[in-house]
Amino acid sequence: MRFFLFLVLAASAAQAQEAITIQERREIPLERRAAPASHELRLTLAVLDGSGWSQEQVLPAIQVSAGVLAQCGVALENVEWVRIGAPARFRDFATPVSRELSRALPLRKPAVYFVAGTRQSPAFDAEAIGRGNSRSRPELRDTVWVVYGARDLDLVLAHELAHVLMDSGEHSDEPGNLMREETAPVNMRLSEAQCARLRASGAANGLLRPRR
């Protein structure tokens, strides 16, 4: 009987160590912009405890990235801040464990996860997963994963969100275009064709809502 009780307690302790929980969840007030918009974006920001990310780092970058997407008539209407407590193995982006995390704690999409590092190869500062590249990992659909210390965070966020909203992994060779392979402060423009695809695909996939 004592041995059985020991096994039960050990199993309970192991489950507690593996628990994935929401530590904080709230709506974030936004700075409203006067630019006209035809579509609304509601975004979830998921920050892993122990990843190094803070609200003071993330929110100003999100506000700037929203300004970049505004050129396509998209307004950031709502931001939900979710702080996640999870075992250390979930703090780095890796397809198997990140699928497990997303499956255990489904969030409103599109969702941006802020993690400590990546175990993917090749290793990118950020990775966007849309419909076209999620067939073998459906739990990660319509998400962006950003590694701590990503350079030009505001433009990285705009670039990766554009990939998800357009449901396209394509890059552009056009000078100054946001979708050039390497993000940089001089690359902020989206073409009319890119904006049209972003709005159409985003709305069709339920990631954007037409503004009434």
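1. Leaving out residues up to four places away in sequence, Val-112 touches Leu-43, Thr-44, Leu-45, Ala-46, Val-144, Val-146, Leu-157 and Leu-161. This comes from a predicted model, and the points that follow should be read with that in mind.

2. Val-112 belongs to the largest nonpolar core, which holds 43 residues, and together with Leu-45, Phe-114 and Val-146 it touches the most other members. The elements that each supply two or more residues to this core are β2 (39–48), α2 (55–69), β3 (74–85), β5 (111–115), β7 (126–129), β8 (143–147), α4 and α5 (192–204). The largest share, 10 residues, comes from α4.

3. Glu-160 is buried and yet has no salt bridge, the nearest side chain of opposite charge being that of Arg-137, 10 Å away. If neighbours within four places in sequence are set aside, the residues in contact with Glu-160 are Ala-126, Glu-127, Ala-128 and Val-144.

4. Because Glu-127 lies in strand β7 and Arg-137 in the loop between β7 and β8, the pair ties together parts that are 10 residues apart in sequence. Both partners are on the buried side of the 20% cut-off, since Glu-127 has a relative accessible area of 17% and Arg-137 has a relative accessibility of 10%.

5. A search of the whole structure finds 16 salt bridges, and another of them joins the side chains of Arg-103 and Glu-139 at 2.8 Å, N to O. Arg-103 lies in helix α3 (residues 95–104) and Glu-139 in the loop between β7 and β8, so this pair ties together parts that are 36 residues apart in sequence. Glu-139 counts as buried, at 18% relative accessibility.

6. Arg-151 is partly exposed, with a relative accessible area of 46%. Elsewhere, Glu-24, Arg-26, Asp-49 and Arg-83 are linked in a network of salt bridges.

7. The geometry of helix α5 agrees with expectation, because at 1.5 Å a residue its 13 residues should span 18 Å, and its end C-alpha atoms are 18 Å apart. The buried residues of α5 are Gln-194, Cys-195, Leu-198, Ser-201 and Gly-202. These residues cover an arc of only 145 degrees around the axis, and therefore sit on the same side of α5. They pack against α2, β3, α4 and β9 (208–210), whereas Glu-192, Ala-193 and Ala-204, on the other side of α5, are exposed. Just after the helix, Gly-206 takes a positive phi of about 75 degrees.

How values were computed. Residues are numbered from 1 along each chain as its sequence is written. This is a predicted model: local features need pLDDT of at least 70, side-chain atom pairs count only at pLDDT 80 or more; totals for chains, interfaces and linings use all residues. Side-chain values use heavy atoms; hydrogens and water are left out. Buried means under 20% relative accessible area, exposed over 50%, partly exposed in between (1.4 Å probe, protein chains only). Lys and Arg count as positive and Asp and Glu as negative; His and the chain ends are not counted. A salt bridge is a side-chain nitrogen of Lys or Arg within 4 Å of a carboxyl oxygen of Asp or Glu. Contact means heavy atoms within 4.5 Å. A nonpolar core is a set of buried Ala, Val, Leu, Ile, Met, Phe, Trp, Tyr and Cys residues joined through side-chain atoms within 4.5 Å. Helices (H or I, at least four residues) and strands (E, at least two) are DSSP runs, numbered from the N terminus. The expected span of a helix is 1.5 Å times one less than its number of residues. The arc is that of the directions from the helix axis to the C-beta atoms.
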